[in-house]
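Please consult the sequence and the structure below alongside the text.

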Amino acid sequence: MQAIRIHETGGPEKLRVDDVPLPSPGAGEIRLRVEAAGINFIDTYQRSGLYPVALPYTLGAEAAGVITAVGSGVTEFKAGDRVASAKVAGAYAAEALVAAAQLVRVPDGVDSRTAAALLLQGMTAHYLACDTFPLKSGDTALVHAAAGGVGLLLVQMAKRRGARVFATVGTEEKARLAREAGADEVSLYTREDFAAAARKFTGGRGVDVVYDSVGKDTFAGSLDSLRPRGMLVSFGNSSGVVPPFVPLLLTQKGSLYLTRPTMAHYTATAAELQARAGELFRWVKAGELRVRIGATFALAAAADAHRALEGRATTGKVLLLP
């Protein structure tokens, strides 16, 4: 079967189309025919070497499709079931293995593309808005990269919880998408000082929380956007890793909180995983959460997909279609 692997780290040109054996599911695993695979920034971090992986390595952790085989001990799923997971072992492939404990069923009325576009980024937005800093009515939140996959979902969830949302984007088109998702005000960070604009948005006080997936380029401004004892939630580094800093800076900026969450700790149990995914699917089916698929690429064009994502040329979710 066809799979996209890296044999050495580096730029998108390191992505290689390989013919590899069809994997056999082990105990507690299933094999999934991938109908759509989600592209996420973590894939680019693994490809570049920022997040080390054992080489050669098949990229991708998020996919939706149909079970083609089950391993021993798997009783809750069978061949033919429609499922999705954010913990796939090599989703950039025609078929891939997944631990059954990491699967969720895709309900009728939700297609595989939507499921693949929703799961990882949707659950990320869910834990950010509902748990990391549990937003409530009257809170103010700054959402960076608000027209991206997580950003558009996070803006919608923040509004569901009654928060006022200040969004940052890079272009007028992305500003339009952020407003359509519900953002109360949008700043083009390429044209203005977003920290000053965020303070104006809050009457000089500063926002309660900043959700920052950008990293190096926005970190200082994110701190300057917060009210005293506000929280900076740093959950990505699309512009590069935040450089080291002295923790005393948090005191000087107003006794601020800083956290760096990851989804593994917010889906640590099967019950939590199923609850988060189940709520997302219910919202989508009810028309209460809109999932934007901004671009699709053939599996063999994975390098082009990475270039588009890293070049900030995409909005919403980017998918690979085997």
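The model is predicted: local features require pLDDT of at least 70 and side-chain atom pairs pLDDT 80 or more, while totals for chains, interfaces and linings use all residues. Residues are numbered from 1 along each chain as its sequence is written, and side-chain values use heavy atoms, without hydrogens and water.

**Helix α5**
- Helix α5 spans residues 194-201 (helices are DSSP runs of H or I, at least four residues; strands are runs of E, at least two; numbering is from the N terminus).
- Phe 194, Ala 195, Ala 197, Ala 198 and Phe 201 are buried in α5 (buried: under 20% relative accessible area; exposed: over 50%; partly exposed: in between; 1.4 Å probe, protein chains only).
- These buried residues fall within an arc of 160 degrees down the axis of α5, so they line one face of the helix (the arc is that of the directions from the helix axis to the C-beta atoms).
- Gly 203, with a positive phi near 65 degrees, follows α5.

**Aromatic pairs**
- There are five aromatic pairs (ring centres of Phe, Tyr and Trp, the latter by its six-membered ring, within 6.5 Å; planes under 30 degrees apart are stacked, over 60 edge-to-face, the rest tilted).
- Tyr 45 and Tyr 51 have ring centres 5.1 Å apart and planes at 65 degrees, so this pair is edge-to-face.
- Tyr 45 is buried at 10% relative accessibility, whereas Tyr 51 is partly exposed at 30%.
- Phe 166 and Phe 201 form a tilted pair, 5.4 Å centre to centre with 45 degrees between the planes.
- This pair links Phe 166 in strand β10 with Phe 201 in helix α5, 35 residues apart.
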